[in-house]
Amino acid sequence: MKLSELAEKTFSTVSQGPPDMEIESAAGLDIAGAAEISFLANPKYTPQVEVTKAGAIFLSEGVEINRSDLAVLRAKDAYLAYTRALRIFNPEPPIVSGIHPSAVIDATAQVAEDIEISANVVVGKNCKIESGVKIFPNVTIYDGVSVGKNTVIHSGVSIRENCEIGANCIIHNNSTIGSDGFGYAKDEEKRWLKIPQVGRVVLEDDVEIGANTAIDCASVGESRIKRGAKIDNLVQIGHSCTVGEDALICAQTGLAGSSVIGKRVILAGQVGIAGHLKVGDDVVITAKSATSHDVENGKVLSGIPAFDNREWLRSTAAFRKLGDLARSIRDLEKRVSRLIEK
Amino acid sequence: MKLSELAEKTFSTVSQGPPDMEIESAAGLDIAGAAEISFLANPKYTPQVEVTKAGAIFLSEGVEINRSDLAVLRAKDAYLAYTRALRIFNPEPPIVSGIHPSAVIDATAQVAEDIEISANVVVGKNCKIESGVKIFPNVTIYDGVSVGKNTVIHSGVSIRENCEIGANCIIHNNSTIGSDGFGYAKDEEKRWLKIPQVGRVVLEDDVEIGANTAIDCASVGESRIKRGAKIDNLVQIGHSCTVGEDALICAQTGLAGSSVIGKRVILAGQVGIAGHLKVGDDVVITAKSATSHDVENGKVLSGIPAFDNREWLRSTAAFRKLGDLARSIRDLEKRVSRLIEK
Amino acid sequence: MKLSELAEKTFSTVSQGPPDMEIESAAGLDIAGAAEISFLANPKYTPQVEVTKAGAIFLSEGVEINRSDLAVLRAKDAYLAYTRALRIFNPEPPIVSGIHPSAVIDATAQVAEDIEISANVVVGKNCKIESGVKIFPNVTIYDGVSVGKNTVIHSGVSIRENCEIGANCIIHNNSTIGSDGFGYAKDEEKRWLKIPQVGRVVLEDDVEIGANTAIDCASVGESRIKRGAKIDNLVQIGHSCTVGEDALICAQTGLAGSSVIGKRVILAGQVGIAGHLKVGDDVVITAKSATSHDVENGKVLSGIPAFDNREWLRSTAAFRKLGDLARSIRDLEKRVSRLIEK
């Protein structure tokens with residue numbers, strides 16, 4: 001593809017280099033070659049621009065480099081433009097329609113014609129699989145599940161009874177959608193009596209679920225992951241939670257039951273959200289933090305328990321010297337006592 | 001079911017409303033309808049009682065509400081009574097005896113007649129599967145495993161060599177029972193030499209294991225999850241651990257090797273327990289905490305490392321102001337120095 | 001095996017007891033019997049030496065016990081010698097060559113003759129499986145994967161497109177190798193645009209991966225786990241990471257994208273490593289800690305965010321008394337104010 005055509009398709013402009021230069025693909029600064037376009041988004045990687053073998057680079061407006069030999073596509077957001085280039089050079093392969101003979105599809109399941117169902121997939125009673133769906137091997141779909149158009153389900157995934165999966169979703173390997181919520185009541189003998197978990201999970205459209213993630217169903221009602229939310233690997237979503245549109249939940253984060261996460265919330269890695277909370281829209285909670293209280297829209301929180309990120313940064317800076325602080329106080333107490341005695 | 005009959009079966013009493021009212025099912029305050037019974041257990045949800053469309057509600061003794069139109073079943077523990085109602089309205093479906101033709105059962109396995117084994121299940125040599133067991137698709141059971149009566153094993157589960165699963169257990173999807181413990185000795189060249197992991201895991205009766213959880217076998221001997229213990233999703237149980245009767249281990253908690261967890265212990269979400277520890281009976285460790293020391297019976301601990309929960313609450317409250325505290329100390333030092341100089 | 005022969009094979013010497021004593025196996029102090037050899041490595045277990053029923057014991061040089069009835073093999077490192085004994089008594093069972101008829105192997109896959117492929121395994125196009133490989137049931141291997149000699153892949157594992165698995169690796173149940181990295185660019189409408197993840201994962205030789213672990217591929221290029229690294233259960237390795245030779249990554253640890261972990265690094269349980277970092281050789285990060293900065297070779301770090309372990313121990317000791325410290329400061333302020341007023 002010519003540089004000028006790539007510019008047009010990525011909403012960028014050729015600001016340096018020959019517009020008819022051929023670009024074959026896109027890659028990071030460290031591995032891109034002469035026929036490839038790269039990008040600079042994290043200033044940490046600026047030194048790599050000096051030595052990259054890439055033939056072209058996406059740069060955000062205002063970012064300057066010292067490489068007159070490098071073609072430059074200028075974009076409002078270099079990372080977004082690079083993403084679009086990657087998508088152009090790496091289109092999703094089309095599905096190969098058909099059902100592998102080893103797949104076990106219940107006779108009552110409604111399966112569209114143009115779907116791809118691989119070996120050893122099991123589809124239960126009264127399921128509905130829409131067109132364009134691709135299911136990799138060894139997937140188990142329980143009774144009553146629906147899967148929307150063009151959704152991809154990777155090998156080893158289990159989708160439990162009555163769950164509803166939207167269109168254009170991607171579910172990565174070995175994840176579990178709709179397992180029982182962790183709910184018990186303590187009986188008179190202090191033993192745990194299981195609370196039936198007969199609800200379901202709804203994934204709306206454009207949701208992506210990482211590998212080895214578990215999303216529990218509700219006891220009654222539903223857990224819901226809204227349109228465009230992205231969930232990483234090894235995440236726990238407890239029963240009856242709602243995750244807002246375009247939320248981003250990073251790896252190993254856990255939500256206890258019945259919490260509601262707002263739109264565009266970002267939960268970084270290994271975050272914990274206690275049960276029955278409301279986390280407002282556009283909240284960011286930094287890695288390894290946890291909240292047991294509701295969070296207002298737009299807050300950036302850190303710590304266990306979490307509070308304002310800037311305050312937390314001050315507190316953690318002081319924490320590093322806390323041994324010294326404690327000694328300073330003991331010293332001060334002695335000096336003050338001596339002063340008082342005088 | 002008539003309200004009066006439901007009261008009898010849930011050990012509660014009709015304290016308001018018509019005893020012959022028909023109740024069809026049970027649900028939370030936000031979704032229950034006119035023919036459904038709900039409950040109030042967490043005071044946070046008291047405002048929902050004002051607006052619920054439920055026809056009846058379980059209330060614990062001493063809890064009052066302002067809804068004379070709502071039938072009330074009074075119970076010692078409203079949550080427990082509601083759980084019993086849910087169980088009455090949602091009985092477990094009976095198993096459908098049979099072995100799917102695609103299942104691969106080794107000829108030496110002893111399988112009871114009234115079991116349900118689904119598609120693509122693999123059962124190894126010398127296994128013993130007792131009556132009433134239900135195994136969902138794509139489960140792998142290695143050689144020498146025994147599974148007790150009425151246990152349910154969900155799709156994608158792997159049970160490794162020689163493990164022993166008790167009666168009335170539930171193992172959720174994609175969990176691993178009996179994977180190798182993480183044990184290595186460092187050799188003379190500073191490389192890791194694998195320690196053979198030839199032990200097994202024993203789940204006693206009434207144990208429930210969540211989705212995507214991993215329980216390692218012992219190197220020699222066994223890891224044991226005792227009667228009635230409940231383990232949530234994405235939990236790590238290291239080699240040779242013992243988890244006590246009726247313990248509750250919440251999502252994403254991890255136990256390193258050889259630790260012993262007492263009876264009725266509650267480990268909240270994302271807790272960490274170091275190796276070779278003893279955690280006493282009835283201990284509670286709050287979310288995201290970790291202990292590297294033994295814990296006495298009945299303690300409630302928090303923090304990393306964990307200490308008394310009330311002390312921790314005081315410390316975390318002070319931590320939020322730690323930047324200010326550090327500045328106060330510097331100010332004090334200056335004032336005291338000036339006083340001394342005078 | 002005679003004690004003297006065992007001594008020779010474990011590079012130890014008979015320092016007490018009859019050299020021709022028969023040893024049949026090896027086990028921990030608490031479960032070893034008269035024909036078994038045990039070991040003492042952790043001083044915590046010294047009291048068990050008094051009561052063990054083991055017939056023999058490995059002791060490191062300089063460690064003394066009060067049991068003249070116990071045969072003693074003296075080794076430079078008792079734990080390493082015991083590991084070698086366990087390996088002698090528990091050799092890996094040889095593979096049983098063959099492909100189960102229910103396995104689905106693409107016609108274009110190159111599969112060596114002396115391999116063991118179990119029931120319901122699926123192997124994609126253009127894969128290459130070398131000799132001595134053992135694949136347990138319900139494993140899915142996507143197109144273009146290569147698996148080196150003598151590697152063992154346990155049930156439920158998924159290996160995604162084009163990944164390269166070295167020789168003598170072990171991958172435990174339900175793990176995912178090569179799932180998509182968690183990468184999105186925010187578009188003009190604040191929605192997440194998926195960044196194609198077309199790279200791969202390379203496991204070099206002698207790598208072991210625990211159960212239910214997820215290792216993401218790179219967007220472009222590769223994620224690499226180097227020779228001899230050992231990764232525990234439920235670990236998250238983000239896209240484009242490199243894990244150094246002989247590194248040890250304990251359960252539930254998470255690495256965000258593009259980080260580089262040095263040789264022989266030990267990351268204890270539930271550690272977090274932020275993205276785009278370099279962690280030097282021989283670093284140790286203790287359990288539940290997290291770093292968002294590069295770490296120099298040989299450092300031992302703790303805390304969130306992590307700093308020097310000894311400083312952290314001082315800080316956490318002071319933290320336990322932080323409520324008291326805050327009160328001491330308020331008291332001091334009053335006393336100093338009164339002094340100034342005088």
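Biologist: What makes the meeting of the side chains of A:R314 and B:D324 a salt bridge?

Modeller: Happy to start there, and please keep in mind that this is a predicted model. A nitrogen of A:R314 and an oxygen of B:D324 are 3.1 Å apart. The cut-off is 4 Å between a side-chain nitrogen of Lys or Arg and a carboxyl oxygen of Asp or Glu, so the pair qualifies. The count between chain B and chain A is three salt bridges.

Biologist: Which salt bridge does B:R327 form?

Modeller: B:R327 pairs with B:D324, with the closest N and O atoms 3.6 Å apart. That value is also within the 4 Å limit, so this pair counts too. Both residues belong to helix α5 of chain B, and because they are three residues apart there, about one helical turn separates them.

Biologist: Why does B:D324 count as partly exposed?

Modeller: Its relative accessible area is 28%. Buried requires under 20% and exposed requires over 50%, so B:D324 falls in between.

Biologist: How do you know that the reach of helix α5 of chain B is close to the expected one?

Modeller: The helix covers residues 322–341, and its first and last C-alpha atoms are 29 Å apart. For its 20 residues, 28 Å is expected at 1.5 Å a residue.

Biologist: What do the buried residues of α5(B) pack against?

Modeller: Their partners are α4 and α5 of chain A, α4 of chain B and α5 of chain C. The buried residues of α5(B) include B:L325, B:I329, B:L332, B:V336 and B:L339.

Biologist: How many residues of chain B are in contact with chain A?

Modeller: There are 68 on the chain B side, facing 71 of chain A. Between them the two chains bury about 5,400 Å², with 60% of it on carbon and sulfur atoms. On the chain B side, B:K288, B:F319 and B:R320 lose the most area to chain A, together 11% of what that side buries. Across this interface, 35 residue pairs are in polar contact. The largest share of the chain B side, twelve residues, comes from α5(B). By type, that side divides into 31 nonpolar, 21 polar and 16 charged residues.

Biologist: Which residue forms a salt bridge with B:D246?

Modeller: B:R227 does, with the closest N and O atoms 2.8 Å apart. B:D246 lies in the loop between β28 and β29 of chain B, while B:R227 lies in the loop between β25 and β26, so the pair ties together parts that are 19 residues apart in sequence. Both B:D246 and B:R227 are buried.

Biologist: How do you know that C:D180 and C:K194 meet in a salt bridge?

Modeller: The N to O distance is 2.8 Å, and with a limit of 4 Å the pair passes. C:D180 sits in the loop between β19 and β20 of chain C and C:K194 in strand β21, so parts 14 residues apart in sequence are tied together. C:D180 and C:K194 are both buried. Over all chains, the whole structure holds 63 salt bridges.

Notes
Residues are numbered from 1 along each chain as its sequence is written. Chains are lettered from A and ligands numbered from 1 in the order in which they are written. This is a predicted model: local features need pLDDT of at least 70, side-chain atom pairs count only at pLDDT 80 or more; totals for chains, interfaces and linings use all residues. Side-chain values use heavy atoms; hydrogens and water are left out. Helices (H or I, at least four residues) and strands (E, at least two) are DSSP runs, numbered from the N terminus. The expected span of a helix is 1.5 Å times one less than its number of residues. Buried means under 20% relative accessible area, exposed over 50%, partly exposed in between (1.4 Å probe, protein chains only). Contact means heavy atoms within 4.5 Å. Buried area is the accessible area (1.4 Å probe) that two parts lose on being put together, summed over both. A polar contact is a pair of N or O atoms within 3.5 Å; within protein, one must be able to donate a hydrogen and the other to accept it, and residues adjacent in sequence count only if both atoms are side-chain atoms. Ala, Val, Leu, Ile, Met, Phe, Trp, Tyr, Cys and Pro count as nonpolar, Asp, Glu, Lys and Arg as charged, and the others, Gly among them, as polar.
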